[in-house]
Amino acid sequence: MTGLDISHLQKRYGDQTVVDDLSFHVNKGEIFGLIGPNGAGKSTSIMMIIGLLQPDGGSISFDGQLYNPRNAEMRSRFGIVPQELAIYPQLSAIQNLLLFGKLNGLGGRRLRERVDYVLEITGLGRNADQTPQTFSGGMSRRLNFGIALLHEPAFVVLDEPTVGIDPQSRTNLLDAVRDLSTKGVGVLYASHYMEEVEAICHRVAIIDRGRLLKQGTIDDLLDRTQTDICVMVAKLPIELIQRLHGLADVQSDHDGNTTLLIRERLATEKEVRPGRLRVVLELLEQAGVPMLAIKSRETSLESLFMNLTGRTLRD
Amino acid sequence: MGAWQITVKDLRVILKDKGALFTLLALPVVVIAILGMSTGQMLTAEEETKLVKVGVVDEDQGELSEHVFRDLSSIGGLKVEKIGDRDEAKLQLQNGQSSIVVILGKDFHNRINDLDLADVFDADHGKLAQGLSALDMHVESGAEFASVAELIQYVVLSAVLKVVAPEVIKRNPLFSRMMNRMIQRHADELRSVGGSGSQPVKPGSSIIFQTLIPAFLVMFAFFLVNIMSNSFISERKLGTLRRLQMSRLSPVQLLWGKTLPFLIVSIVQCLLLFLAGKLMFGMSWGTYPWMLLPVVVTTSVSATGMGLLLATIVRTESQVASYSTFLVVVLAGISGCYMPRAWLPELMQKVSLVTPHAWALIAYQELLTRDHPQMQLVCECCGVLMTIGSVCFAIGAWRFRKSEYPS
């Protein structure tokens, strides 16, 4: 089997299981999104995948071979873009690139070509001799990303690669990731930004508390046959909220109003078949609660993510 | 090759870190200069008040009388100066400028020429039985030494005989040949221990700097522990350590690459301090300057070994600060970096041998303050320093592999 295969991965710290029976597969040329709230086990999983953390169970294979992090040849097939800006601020961009290129076995003309290529795709050609201390956040992130591509890895792991950057840098980076995919490079993309994941990932896995909650293509996960209807009303009495249980998700707004979120099946692409909505409206009328507004909302990855992982704040 | 890339990178980073450079290179020189100028000069002035001032009136103006003057000057505890004539000598004796006055009369060289072997071998019965006056010499003591005037006469006569006796002996052909053979044998022995062409410890160089510079050199060599540990913490914080681990480097190559730049900096630091010591404070590099190099290298090996070990133990900057303070300040105190080791109680001197600082200090003391250092002791110190460095490196490497790489 080609690509990255994660099978029943497990990691425990004392009594706490931080990664529990995690399995997924990333094909060559596929961009696979890994999303989850803070503490879901994303970073731990990534550390195990790149071989810097010993799993307590399960296995990691690449192109059908069991991944052995001690094997330098095997290690060099991976490129890693860490969440931190893993670059030397005292060295210029080109010195950073040359250093990591040499450490990954490049030399001579090949090294020069790869450095030029990375400078080009990251748009840092004119700033090559400047140190990252003088860079904007976006430029540093682009350099951080470019270093991972120097040695032409077969698989790239990106951990929150777009934190704190402007839309221009983000677009540049996402385009570069898409470009990798078209060249047959497998990508594991961990992020908190749902719109990014939705925009570039072919398939997504949602994990929480170390467990895989759902995985599949974006279309499969979002189930485009349903839609969310939002009904805005004034503050509801407690008895009515209890009666609405199971029919609508009740959310209190900061201005004192209430939004009722009702999931309905679509009869056609744009036509709602009102089932629960009718019952909810009847209950509101009986209670004499005036309706302020009504609108439909397409299911997004973010709403799915929130439904799956809940609204409780995470540490 | 990969390790060397990291070394070059770290050297670049260190060279751009002005704070680290100041701590490693400039601070030791500044501290030595301040301490040397304050305590050193104070001690020198205090020592000077303890010297016996001797005035010499040389009326003979011959080669032998000059030789006697030089010989008297080399006696410890005396401050010997030439005085123009007897009147001036008397005046100096009266106003306390001189404590003792030695007068070599105009007939001094003739009286020496009149001496024969029997006078030298049997001073109690020959011409020398009259004492110094037999050589047209006269010694006068000031009030403070009046009670020991006879003892002073005896000391001066001994000093003169030391110069005169070989001259008298040389006149006898048989004894002259014997003496030449003895001198030759002595020269051969000196050559066999490597003394040919070597410079003796310069008598004028201050003993303060001979002990102060190596003591601070050793202490500051271990300052490196702090900077080295912080370098590892910085790699962890930046995430670059993860990148290095993911590269083709093996853990040992990575550690070599991270250790080597600090070893180079440490050696350069020691050599610069010795150079500054010589140029700024007139210190002597001892009889065998080239032997300082192995001590410098092994001291640096033990310092970087300890630095690596600490780097694999600590996780935060505050941990680095507390551990390195212990390693630098406390171990320097125990080992005798703040005061001459000889001043430490005997038990403390023995306890201090657990520190690499102590072994380095013993080696430097041997090389810098003795005309004929015990090379075996110096080699032993180098061996211990190398062993400490290697053991620390091995434990550090084991810890690094265990904590940073999955098994």
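## Chain B: contacts and make-up

In chain B, 79% of the contacts between residues at least 6 apart in sequence join residues at least 24 apart; two residues are in contact if their C-beta atoms, placed from the backbone, lie within 7 Å. The structure is a predicted model, in which local features need pLDDT of at least 70, side-chain atom pairs count only at pLDDT 80 or more, and totals for chains, interfaces and linings use all residues. Residues are numbered from 1 along each chain as its sequence is written, while chains are lettered from A and ligands numbered from 1 in the order in which they are written.

Chain B holds 17 helices and four strands, where helices (H or I, at least four residues) and strands (E, at least two) are DSSP runs numbered from the N terminus. Of its 407 residues, 37% are buried. Buried stands for 20 or more other C-beta atoms within 10 Å of the residue's own, exposed for 12 or fewer, and partly exposed for in between, with C-beta atoms placed from the backbone.

## Two helices crossing in chain B

Now for a helix pair: α10(B) (residues 224-238) and α13(B) (residues 292-313) have axes that come within 8 Å and cross at roughly 40 degrees. That angle makes α10(B) oblique to α13(B) (under 35 degrees is roughly parallel, over 145 roughly antiparallel, 65 to 115 roughly perpendicular, and the rest oblique). The axes are lines fitted to C-alpha atoms, for helices over the stretch in contact, and angles run from 0 to 180 degrees between N-to-C directions.

From α10(B), B:L224, B:V225, B:M228, B:S229 and B:F232 meet B:A303, B:T304, B:M306, B:G307, B:L308, B:L310 and B:A311 of α13(B). The residues of this contact divide into nine nonpolar, three polar and no charged (Ala, Val, Leu, Ile, Met, Phe, Trp, Tyr, Cys and Pro count as nonpolar, Asp, Glu, Lys and Arg as charged, and the others, Gly among them, as polar).

## Strand pairing in chain A

Over in chain A, β1(A) (residues 4-13) and β4(A) (residues 57-62) run antiparallel and are joined by five bridges; strands pair if DSSP finds at least two bridges between them. A:L4 has A:F62 in β4(A) as its bridge partner.

A:F62 also has a bridge partner in β5(A), namely A:Q65. Two bridges join β4(A) to β5(A) (residues 65-66), and these strands run antiparallel. They form a hairpin with two residues between them, and A:D63 in the turn has a positive phi of about 50 degrees.

## A:V250 and its surroundings

A:V250 sits in strand β12(A) (residues 249-252) and counts as partly exposed, with 16 C-beta neighbours inside 10 Å. Leaving aside neighbours within four places in sequence, A:V250 is in contact with A:I241, A:L244, A:T258 and A:L260.
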